[in-house]
Amino acid sequence: MFPFFSSSFLRNAFVGALAAGLSACELVEFSPNDHRARADQKDLTAKNLARLIAAPLPPGDTLRFVFSGDSQRFYDDAQDLVRSVNQQPGVQFMLISGDISDFGLGREMRWIDNELRKLKMPYLTVIGNHDHVANGREAYQEIFGPLNYSFVYADTKFVLIDTNSREYNFNGRVPDVPWLRGQLADLNGASRSVVISHVPPQDGDFDPNLRDAYAGTLRETSSLVFEMNGHRHDYSVGQPFNDGVTYVNSYDFEKRKYLIVTVFGDKQFRLKQVSF
Amino acid sequence: MAPTFLLAALLAAPPTTPDLSGPTASADSVAVAVVPATPNIARPARPGVAHYQPRHLLLQTGGGVGMLSLGGGLSFARRRLDLDALVGYVPARHAGTALTIATVKVKFAPWQLPLGGSGLALTPLAVGAYGSYTFGLRNAGKEGQYPDDYYWWSRTVRVGPVLGSSLSYALPDAANGRARRLTAYYELATNDLYGVSYYLNRRALSLTDIATLALGLKLEM
């Protein structure tokens with residue numbers, strides 16, 4: 001009895017000391033732009049994708065995900081959002097359309113993860129302009145992962161792309177349209193595609209020299225269900241270029257509303273607004 | 001109390017003896033200027049040099065102002081008030097780019113408690129504030145990059161409160177008669193941006209979420 005107690009006591013003490021040591025390490029912050037994080041708060045995109053892919057959609061079930069954006073400095077709202085989303089049946093994951101942080105600081109990204117990791121389902125993000133501020137781009141890459149990435153789930157290829165052109169001072173290379181074209185040319189066996197980015201192409205923060213190439217690429221993609229954005233902090237759905245391509249903008253966390261997106265059939269979809 | 005001492009220190013900052021006879025000298029500056037030297041804490045190096053300005057060197061990690069920071073400072077008001085300047089460094093592997101951070105800090109410690117005859121003294125509480133400027137950020141904003149007021153906060157300037165304690169050990173006096181001490185200190189701090197985040201989210205965030213810790217050594221010469 002005693003050895004068992006002793007070893008579990010020691011193990012608990014060791015784990016406790018380790019956790020305290022790790023948090024002390026983060027407490028001794030070198031700069032607000034210091035992006036060091038606990039191992040379980042690094043590479044969150046890869047970790048969430050692994051969770052998602054490990055639970056493929058059963059045949060006959062419908063693709064359904066929660067769409068929100070611009071969590072920024074709305075941590076109290078994030079708590080309530082998680083509570084609400086966790087009550088939604090049949091939702092496979094959550095998408096956040098960028099601006100995870102407000103000031104581009106690693107600690108802010110970890111604060112948001114502290115809330116969103118309580119979701120019953122995995123969540124995925126795309127980088128927003130606020131996440132680029134100061135050394136936020138590096139913090140985002142350390143804590144979340146790549147700025148441009150894609151994955152296939154439920155016969156749908158999701159392409160997430162950095163469209164925060166102003167943060168690169170309109171250098172003509174963001175968004176990476178050739179990369180987008182390549183991603184949409186080969187759907188890795190999926191039959192539908194969805195593109196998610198933070199700044200919508202009709203916005204002044206999107207590189208005007210790349211607007212036509214970006215919108216044109218989407219127009220030519222017959223598999224595209226819609227393009228999804230954040231940045232504008234409010235819900236909208238429409239075809240700003242009148243070219244048959246639908247753009248959906250998310251609520252921000254502060255609006256205390258989110259969308260439940262259902263995709264079915266060829267390219268049909270349904271958007272349900274939920275208040276919390 | 002602290003603003004009084006700060007004002008007094010600023011008034012008394014030049015290493016010359018303030019003119020105490022003038023009718024315009026304020027009560028505050030007089031109060032500091034005429035404080036007698038406490039034996040074994042601060043001794044006049046030589047006549048004419050203000051004895052309330054011992055110099056010190058600082059070595060620090062953390063506190064949001066460097067993985068390694070070096071600095072120096074002046075003490076006023078019988079070593080109750082410190083005015084410090086530090087330069088900190090953060091390597092690129094921890095912040096994306098290599099950062100250099102310049103910091104100015106004011107700390108006020110009202111009590112020093114000698115611990116027996118051991119040469120140790122405890123400063124149970126120091127309160128203060130700091131301001132820092134960060135050089136080397138990747139995206140601090142270029143001329144014309146953003147419309148006016150696109151981001152309301154500075155990417156380079158941070159300010160925040162500081163709270164800490166320290167333990168000092170008396171070293172043999174220097175050749176010039178100054179009392180020398182080695183002090184180990186810690187400081188809990190935060191910054192304006194963390195403060196705003198906490199103020200707006202007191203349910204989701206706690207004070208420990210926004211706290212930073214600095215550990216340092218101070219050598220009074």
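Trainee: How many bridges join strand 10 of chain A to strand 11 of chain A, and do they run parallel or antiparallel?

Mentor: Eight bridges join strand 10, residues 257–264, to strand 11 of chain A, and the two run antiparallel. Keep in mind that this is a predicted model.

Trainee: Which residue in strand 11 of chain A is the bridge partner of Thr262(A)?

Mentor: Thr262(A) has Arg270(A) as its bridge partner in strand 11 of chain A.

Trainee: And what sheet do those strands sit in?

Mentor: They belong to an open sheet of five strands in chain A, ordered 3-2-1-10-11, with mixed pairing. Strand 3 (123–125) and strand 11 (268–275) of chain A are the edge strands; each has a single partner strand, so one side of each has no neighbour in the sheet. On average, neighbouring strands of this sheet are turned by 25° against each other, direction ignored.

Trainee: There's an open sheet of six strands in chain A too. What is its order?

Mentor: The order is 4-5-6-7-9-8 in chain A, and the pairing is again mixed. Here the edges are strand 4 (149–153) and strand 8 (236–238) of chain A, each with a single partner strand, so one side of each is left open in the sheet.

Trainee: In what sense do strand 6 and strand 7 of chain A pair, parallel or antiparallel?

Mentor: Parallel: strand 6 (residues 192–197) and strand 7 (residues 224–229) of chain A pair over four bridges. Val194(A) has its bridge partner, Phe226(A), in strand 7 of chain A.

Trainee: Which strands does helix 6 of chain A lie across?

Mentor: Helix 6 of chain A lies across strand 4, strand 5 and strand 6 of chain A, and it runs at about 175° to strand 5 of chain A.

Trainee: Which peptide bond is cis, with omega near 5°?

Mentor: That is the bond from Val174(A) to Pro175(A). Pro175(A) is in the loop between strand 5 (156–161) and helix 6 of chain A. Most peptide bonds are trans, and most residues other than glycine have a negative phi.

Trainee: So which residue has a positive phi although it is not a glycine?

Mentor: Asp43(A), with a phi of about 50°. Asp43(A) lies in the loop that links helix 1 (2–27) to helix 2 (44–54) of chain A.

Trainee: Back to helix 6. How do the axes of helix 6 and helix 7 of chain A cross?

Mentor: The axes of helix 6 (residues 177–185) and helix 7 (residues 211–219) of chain A come within 10 Å and cross at roughly 5°. The two helices of chain A are therefore roughly parallel to each other. Val177(A), Leu180(A), Arg181(A) and Leu184(A) of helix 6 of chain A meet Ala213(A), Tyr214(A) and Thr217(A) of helix 7 of chain A. By class, that contact has five nonpolar, one polar and one charged residues.

Trainee: What about helix 3 and helix 4 of chain A, at what angle do they cross?

Mentor: Roughly 25°, with the axes of helix 3 (residues 75–85) and helix 4 (residues 106–116) of chain A coming within 9 Å. That makes helix 3 roughly parallel to helix 4 of chain A. The crossing of these two helices of chain A is right-handed. Helix 3 of chain A contributes Tyr75(A), Ala78(A), Gln79(A) and Val82(A), while helix 4 of chain A contributes Trp111(A), Ile112(A), Glu115(A) and Leu116(A). Six of the residues in this contact are nonpolar, one is polar and one is charged.

Trainee: Now the interface. How many residues of chain A are in contact with chain B?

Mentor: 30 residues of chain A are in contact with 37 residues of chain B. Helix 3, helix 4 and helix 5 (136–143) of chain A each supply at least two residues of that side of chain A. Helix 3 of chain A gives the most, with four residues. By class, the side of chain A that touches chain B has 12 nonpolar, seven polar and 11 charged residues.

Trainee: How many bridges does strand 7 of chain B make with strand 8 of chain B?

Mentor: 10 bridges, in the antiparallel sense, with strand 8 covering residues 180–189 of chain B. Leu171(B) stands opposite Arg180(B) in strand 8 of chain B. Strand 7 (residues 157–171) of chain B also pairs with strand 6 (residues 120–135) of chain B, antiparallel over 12 bridges.

Trainee: Where does pLDDT stay under 50 in chain B?

Mentor: Over residues 1–49 of chain B. Chain B averages a pLDDT of 82, and 76% of the residues score at least 70. The model scores ipTM 0.90 and pTM 0.85.

Conventions:
Residues numbered from 1 in each chain as written. Chains lettered and ligands numbered in written order. Predicted model: local features only at pLDDT ≥ 70, side-chain atom pairs only at ≥ 80, totals over all residues. Axes fitted to C-alpha atoms, helices over the stretch in contact; angles between N-to-C directions. Parallel < 35°, antiparallel > 145°, perpendicular 65-115°, else oblique. Left-handed = near helix turned anticlockwise from the far one by under 90°. Contact = placed C-beta atoms within 7 Å. Nonpolar A, V, L, I, M, F, W, Y, C, P; charged D, E, K, R; others polar. Pairing = 2+ DSSP bridges. pLDDT = per-residue confidence, 0-100.
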